Amino acid sequence: TSAPTLCCQASHVDDGDMTTRWSTNGSGNNSDYIYLDLGAKYDICKIAITWENAYGKDFDIQISNDGTTWTTIDPVTGNTSKYTEFDGSVTAEYVRMQGITPATGFGYSIYEFQVFGQPASACAAPAELTSTNVTQNTAALNWDPVSGATQYLIQ
């Protein structure tokens, strides 16, 4: 992202204080972005952005599980509001506002970037679960482990 001034650091975007804000420096770059690291995967039901006067006209709300590969969940075009809300059901560890076109010549400026949800289910099923050599009393099971899982209950 662009380097903000002292008044507009990234830490202000989720501090709960509507008098502080994050912003790009001056005119900004159309592709400026800011993301939140939730620290773990969350089942997200709502994402809200409260903009300052320098709001995003066209931007994407994106999610990621690794902070590298991003998926657009809400492509916003022609926005004229200083409040943007995504209501849906997604699971992710990172949430990003990816700028495309600022509404003004002053880049992007956000008072609050909020994510609502709860920690993702700890009972996630492993991927690529297969069984071989199945008999009445036995089976060989194979799967890709769930990140962070320390045990599995097989029934």
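A nonpolar core is a set of buried Ala, Val, Leu, Ile, Met, Phe, Trp, Tyr and Cys residues that are joined through side-chain atoms within 4.5 Å, where buried means under 20% relative accessible area, exposed over 50% and partly exposed in between, for a 1.4 Å probe and protein chains only. The model examined here is predicted, so that local features need pLDDT of at least 70 and side-chain atom pairs count only at pLDDT 80 or more, whereas totals for chains, interfaces and linings use all residues. Residues are numbered from 1 along each chain as its sequence is written, and side-chain values use heavy atoms, with hydrogens and water left out.

The largest nonpolar core has 21 residues, and those with the most contacts inside it are Ile-49, Trp-51, Met-97, Ile-110 and Phe-113. At least two residues of this core come from each of strands S2 (33-51), S3 (56-64), S5 (83-102) and S6 (109-119), strands being DSSP runs of E with at least two residues, numbered from the N terminus; S2 gives the most, with six residues.

Five aromatic pairs are present in the structure, a pair being rings of Phe, Tyr or Trp (its six-membered ring) whose centres lie within 6.5 Å, with planes under 30 degrees apart counted as stacked, over 60 as edge-to-face and the rest as tilted. The rings of Trp-51 and Tyr-108 have centres 6.4 Å apart and planes at 45°, so this pair is tilted. Because Trp-51 lies in strand S2 and Tyr-108 in the loop between S5 and S6, the pair ties together parts that are 57 residues apart in sequence. Trp-51 is buried, with a relative accessible area of 2%, and Tyr-108 is also buried, at 0%.

Terms used: Helices (H or I, at least four residues) and strands (E, at least two) are DSSP runs, numbered from the N terminus.
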